[in-house]
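Please walk through this model with the sequence and the 3D view side by side. The text below takes up a few elements in turn.

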Amino acid sequence: MEINIKEQLEQIRANAEKELAEIASSEELEAFRVKVLGKKGELTKVLSQMGKLSAEMRPVIGQVANEVRAYIEEKIKAAKEQIDKLELEKKLSAEKLDVTLPGKARRAGKKHPCSIVLDEVKDAFISMGFTIASGPEVEYDYYNFEALNIPKYHPARDTQDTFYFTDDILLRTQTSSVQVRTMEKVKPPIRVISPGRVYRIDEVDSTHSPIFHQIEGLVVDKGITMSHLKGSLDLIAKKLFGEDIKTRIRPDYFPFTEPSAEISISCFKCGGEGCKFCKGEGWIEIGGAGMVNPKVLELLNIDTEEYSGFAFGMGLERLVLRRYNIDDIRMLFENDVRFLESL
Amino acid sequence: MNVPYRWLKEYTNVNVEPKKFSHEMNMTGTETTGFVCAADTIKNIVVGLIEKIEQHPNADKLVVCSVNVGKAENIQIVTAAKNMKEGDLVPVALDGSVLASGKPINAGELRGVMSYGMFCSVEELGLATNDFPGSIEDGLLILNNGACEFNGKPGDDICKVLDLDDTIFEVDIVTNRPDCLSIIGVAREAACTFRAPFNVKKPEFTTCGGNIADHLSVTVEDSELCPRYMARVVKNIKIEPSPLWLVEKLRDCGVRAINNIVDITNYVMLEYGQPMHAFDYSCVDGGKITVRRAAEGEKMNTLDGQERILDTEMLVIADSKKPIAAAGVMGGENSEIKDDTKMIVFESANFFAPSVRKTSKKLGLRTESSARFEKGLDPNLTEEALDRACELICMLGAGEIVDGTIDINNAKTEVKTVPLSHEWINFYLNIDASEADMTDILERLGMKVENGIVTVPSFRSDIENKYDLAEEIAKFYGYDNIKPLFFKADVRSGGFTEEQKFEIRLGEALRASGLDEIMTYSFVSPKCFDKIGLPENAPERSVMKIKNPLGEDTSIMRTRALPSMLEVLSRNYNYRNPYAYLYEIATVYIKNPDETKLPDEKKVICFGFYGDNGDFYTLKGIVESILTAMNTKECEFIPCADNPSYHPGRTAEIFADGKKIGIFGQIHPLVAENYGIGGEVYAAEIPFDVLYEATAPEKTFKPLPKFPAVTRDLALICKDETSSGEIEKKIKALAGPCLEKIEIFDVYKGAQVAEGYKSIAYALVLRAEDKTLGENDIEAIMTNIIGGLEKDGISLRK
């Protein structure tokens, strides 16, 4: 009898081992646990025969039974860990997504390319302690021309064909008008940029627009020299176009600066060696600059013995077209959603 | 302006490669945009002597020529040309040659007879008939046609004998340097650039006696508009074509050769920059020239055959009866040099720049002459130019110069002097140039430097002060040699203003709502107001009108941003883009009633969309999220049925603190139709300044509630036309301070609700600050709400 119970226990252990090896899911495992260790399980059934045992045998068989139980529990635990791990892997693998499919949320809107570049320009200047000024687009002749040393019938007006409302009121042709307005209001030291729309009579084609943007800069302080103009343009170009960019200035003429300069930067496509993009020149013209003409300063009651300054202006669209490789300026004003969303 | 290298070298012995010349000139301020040399294209075209012409054996229209091209044996050329004869010299494109157009020419068989080249016309050499006296358009260029002296021999390279091997620079002269609108002026700059010698010979000529006073008298009535008038009379004129060398120089400068007299005036203008004119003396009535303002409405035919109507602001050169030239712009047809002209008047005058500019603008007539005068010429230039013209008359044997010059000189020509300020210039440019270096540069530019004082020549009207001198020094010292330095400045606060920061955040909020930024024109079509259904008397119709617009469509400054937005939506719709969600912070220009004042420029936030299942509530959602993002004061949305641009039942106005801050809604279907947009379009317009002012004060932290909240649902039945906004307002008033939050969770119309009524369900959150609300408190609040609503015909849904 004793032997028989012991044998039965050993049998349970041996069977359990065999069955466990074939169990693959946590449901099966639970069913197995109930079948073997449950209240009505095989082990309990065997142990119910314990009453028939002799007093001295009971502890011995009890000992064996406990060992078997502990052994099986141990095995079940190990099997459960294994099964859980496999099941998780299976689940995760079943949940696998094509991560290259498009996202679902409504996309955020895009900045206009002109704003993208203009914002970078503003940030660059703000970081150098500049403020941003604005002035009216519909402007008096005085601010746009007269105060900038361009009297009526000055030939320089030829290069800026102007839209007029009356003989005295026009659409500004240059943001330099804001220079004058700034110097009227603010005493030196002045460090300001004024970006904005300007207007010139130009038939619309791939390179011309009657409306475009300029970014004007003005610095007036004690002891400003041509070196500072050059150094500042250098720094600005590096901030806007990258550390490797070189700047070149060469003589030009603007009635409100003296000396005046045309600003070019080394071609950001070829680095200055000459390519199709820069028409083989290695340089790209980006704007004009110069030392503020003392006539302008004097008109605004700034003492030219004490103060001097420099000013510069750049066309925004030109930067945008080059930056994004856009070959037609009309794209910027057409506002085709496909265009706007592509940048 | 074209500058032939060879002509320039007559004054300075600069001799560098064209590429280097171009670069260096650019760096000293004479912008050289490019250069060409015809001989770089034309290859292997030589002078040929036609020795024999025979009929082609197989073709009636062809002949076979035996041509001497300077080689041991003649070559055979087949041609269809007719205008040559034996003994003619013609350009011959040999086997393997290239024409000016780039077209290659090879030997080939023509109807069974070999042709070892081709005879050329002027066009095939890249020329026009004016570029070679006596040449014709349809036919070969006969080089020894007798109209001018031609010295080439068979076998000579055509580029050499016609001077096609010169480099011609294209230069752009800045507007304050009219002295450089001349070969001599550019040569002077080149000489200084390359530190080369510079020399202009004083013109020499002989006169034939007589006295100009016996032939001509000149009166200048308006000496302000004509500071100087000089004239010479030349008699026994023999009109003929100019010699080839002169024609070639004009050709290289892009000027058509006409005849010796006209060519001389053009030659002097190109060389010295002083426009000249020649009148046929027989047409100067009374031998009297008056420089006067035109009478109002006075008429004259200019040389181009056009009738011009003049006015009193224009200056004319007149004889005793009629105008014979528009001063400084163009001569009159009536006094033109003709083939039988026997005696001429040479005019070399100085005219007031603004007047020439004005006249040229008004007449719509811009000439080489007006382009120079309108920049302001040196009054002293007239004399040199007139002398040079006389010298050329003598050189060409074109006539005999009568003794005496008329010179009416009212020009103010004080000698300008400027101190050199050597140290200041070094400071201002931050360079280290010696006084001797500076002196050298200035003297090469024609200035005199003595004892630290610079005497400025009269042709440099642009130089007035030390800054101008500094610029000259900078240019020729080299901008490249100026050290770059960043300016030293006190630490001070730069940065964006509050309003600028607000605008940056606004842009972020708009984009976060899925709107793309657009950029549109500030000027629009006056038709846009009709298109958006604006009534005739709307204040927006009072606009700034551009006097000289590009076209009707861009002729007024916009007073509303909406038309620009609809225009862009429409364009996208036409491109079949399935959706467009766009915004613009647009400037509008509100006319000032006082027309001498500037308009008020205001920014307006405008956004609009179509497609992608967007509806009114999509729009309202965007509006709400923007108001929240911009921390706008609490807003109320009030239905708006009377804005003609918007749908009367799907539009709301936004109010903050009782003040209207904007409008949004579905665009009126008729307006959408005007813009050709099918389907529903939505838009909003919010003035920037109003929104900015409606910003709520910054929120401060409120302690989190200590007592629990209770939620109660309230399902109501009301009439269809009652807006939920009204009900919400009532509930808020009736509930008192314990109402923390109210939200709609359902709106229902249908079977269980009577016709003409709807059901709206609200979720109320109630909480007291100082205690836990008891059942009685809640009951009291709810009873009050329900009772109040019932009085207004809003009942509890049973």
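How many bridges join β25(B) to strand β26 of chain B? Three, and the two strands run antiparallel. Strand β26 covers residues 453-456 of chain B. One pair to look for is B:K448, which stands opposite B:T455 in β26(B). Keep in mind that this is a predicted model.

These strands belong to an open sheet of three. Its order is β24-β26-β25 in chain B, and the pairing is antiparallel. The edges are held by β24 (416-419) and β25 (448-450) of chain B. Each has a single partner strand, so one side of each is left without a neighbour in the sheet. On average, neighbouring strands of this sheet are turned by 25 degrees against each other, direction ignored.

Now step back to the whole of chain B. The domain assignment lists domain 1 (2-37 + 166-193), domain 2 (39-161), domain 3 (212-409), domain 4 (416-481), domain 5 (498-693) and domain 6 (710-796). The centres of domain 2 and domain 4 of chain B, taken over C-alpha atoms, are separated by 55 Å.

Chain A has an open sheet of seven strands. The order is β1-β4-β5-β9-β8-β7-β6 in chain A, with mixed pairing. Here β1 (131-132) and β6 (247-252) of chain A stand at the edges. Each of them has a single partner strand, so one side of each lacks a neighbour in the sheet. β6(A) pairs with strand β7 (residues 257-266) of chain A over six bridges, in the antiparallel sense. In β7(A), A:S264 is the bridge partner of A:R248.

Helix α7 (residues 176-185) of chain A touches β4 (190-199), β5 (211-222) and β9 (307-315) of chain A. The direction of α7 makes about 35 degrees with that of β5(A). Helix α10 (residues 316-324) of chain A touches β4, β5, β8 (283-292) and β9 of chain A. For α10, the angle with the direction of β5(A) is about 115 degrees.

Where do the chains meet? In all, 65 residues of chain A are in contact with 71 residues of chain B. The largest share of chain A's side, eight residues, comes from α8(A). That side divides into 33 nonpolar, 13 polar and 19 charged residues.

Finish with helix α8 itself, residues 226-241 of chain A. Its 16 residues reach 22 Å from first C-alpha to last, close to the 22 Å expected. Its buried residues include A:M226, A:L229, A:L233 and A:I236. After α8(A) comes A:G242, whose phi is positive, near 120 degrees.

Terms used:
Residues numbered from 1 in each chain as written. Chains lettered and ligands numbered in written order. Predicted model: local features only at pLDDT ≥ 70, side-chain atom pairs only at ≥ 80, totals over all residues. Helix = DSSP H or I, 4+ residues; strand = E, 2+ residues; numbered from the N terminus. Expected span 1.5 Å × (residues − 1). Buried ≥ 20, exposed ≤ 12 C-beta atoms within 10 Å, placed from the backbone. Pairing = 2+ DSSP bridges. Axes fitted to C-alpha atoms, helices over the stretch in contact; angles between N-to-C directions. Contact = placed C-beta atoms within 7 Å. Nonpolar A, V, L, I, M, F, W, Y, C, P; charged D, E, K, R; others polar. Domains from an automatic or database assignment.
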